[in-house]
Amino acid sequence: MTVSYKKLWKLLIDKDMTKTDLRRAIGASSSTFSKLAHGEFVSGDLMSRICEALDCNVGDMMDIVRESPESVPTTKRANRKVKA
């Protein structure tokens, strides 16, 4: 499972804000914004601060992307048949 912040970046454009503007408004570090840029999970506290700063809800700025079964690596153990 991964996360997509495409909605957040579009919301910033719509509000005529830069990532730096938002980062400063919520008091987040540049490394935290690097996580957002790379689609990594961040804390709920950070998401709450972003929501407050942009007057939005979490669903307005992110999506959870479920991986298809074909893209999830399997292990040899998972492929073994269980003997009865």
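Which residue does the side chain of D45 meet in a salt bridge? The partner is R49, at 3.4 Å from N to O. The points below start from the basis of the model and return to this pair under point 4.

1. Basis. The model is predicted; local features need pLDDT of at least 70, side-chain atom pairs count only at pLDDT 80 or more, and totals for chains, interfaces and linings use all residues. Residues are numbered from 1 along each chain as its sequence is written, and side-chain values use heavy atoms, with hydrogens and water left out.

2. The protein has 5 helices and 2 strands, where helices (H or I, at least four residues) and strands (E, at least two) are DSSP runs numbered from the N terminus. From the N terminus on, the order of elements is β-α-α-α-α-β-α. Of the 84 residues, 26% count as buried. Buried means under 20% relative accessible area, exposed means over 50%, and partly exposed is in between, with a 1.4 Å probe and protein chains only.

3. Salt bridge between D63 and K7. A search of the whole structure finds 3 salt bridges, each being a side-chain nitrogen of Lys or Arg within 4 Å of a carboxyl oxygen of Asp or Glu. In one of them the side chains of D63 and K7 meet at 3.1 Å, N to O. D63 lies in strand 2 and K7 in helix 1 (residues 6–14), so the pair ties together parts that are 56 residues apart in sequence. D63 counts as partly exposed because its relative accessibility is 33%. K7 also counts as partly exposed, at 35%.

4. Salt bridges within helices. K10 forms a salt bridge with D14, and the closest N and O atoms are 3.1 Å apart. Both residues lie in helix 1, 4 residues apart, which is about one turn of the helix. D14 is exposed, with a relative accessible area of 51%. In the pair D45 and R49, the N to O distance is 3.4 Å. These two residues are 4 residues apart in helix 4 (residues 44–54), so about one helical turn separates them. R49 counts as partly exposed, at 30% relative accessibility.

5. Aromatic rings. The search of the whole structure gives 0 aromatic pairs. For such a pair, ring centres of Phe, Tyr and Trp (its six-membered ring) must lie within 6.5 Å; planes under 30 degrees apart count as stacked, over 60 as edge-to-face and the rest as tilted. A charge over a ring is present, however: K19 lies over the face of W9, at 4.2 Å from the ring centre. The criterion is NZ of Lys or CZ of Arg within 6 Å of the ring centre and within 35 degrees of the ring normal.

6. Nonpolar patch. M1, F41 and I64 make a nonpolar surface patch of about 310 Å². Patch residues have over 30% relative accessible area and no salt bridge; nonpolar side chains (Val, Leu, Ile, Met, Phe, Trp, Tyr) are joined within 5 Å, like charges within 9 Å. Areas come from the Shrake-Rupley method with a 1.4 Å probe. M1 lies in the segment before strand 1 and counts as exposed, at 55% relative accessibility. I64 is in strand 2 (residues 63–65) and is partly exposed, with a relative accessible area of 41%. M1 and I64 are 63 residues apart in sequence, with their C-alpha atoms 7.0 Å apart in space.

7. Buried residues. S4, in strand 1 (residues 2–4), is buried because its relative accessible area is 17%. The side chain of S4 reaches the backbone nitrogen of K6 at 3.4 Å. M47 is found in helix 4 and counts as buried, at 6% relative accessibility. The C-alpha atoms of M47 and N57, 10 residues apart along the chain, are separated by 9.0 Å.

8. Positive phi. Most residues other than glycine have a negative phi. D16 has a phi near 55 degrees, a positive value in a residue other than glycine. D16 lies in the loop between helix 1 and helix 2 (19–26) and counts as exposed, at 72% relative accessibility. D55 also has a positive phi, of about 55 degrees, although it is not a glycine. D55 lies in the loop between helix 4 and strand 2 and is exposed, with a relative accessible area of 71%.

Technical notes: Polar contact = N/O pair within 3.5 Å; in protein donor to acceptor, adjacent residues only side chain to side chain.
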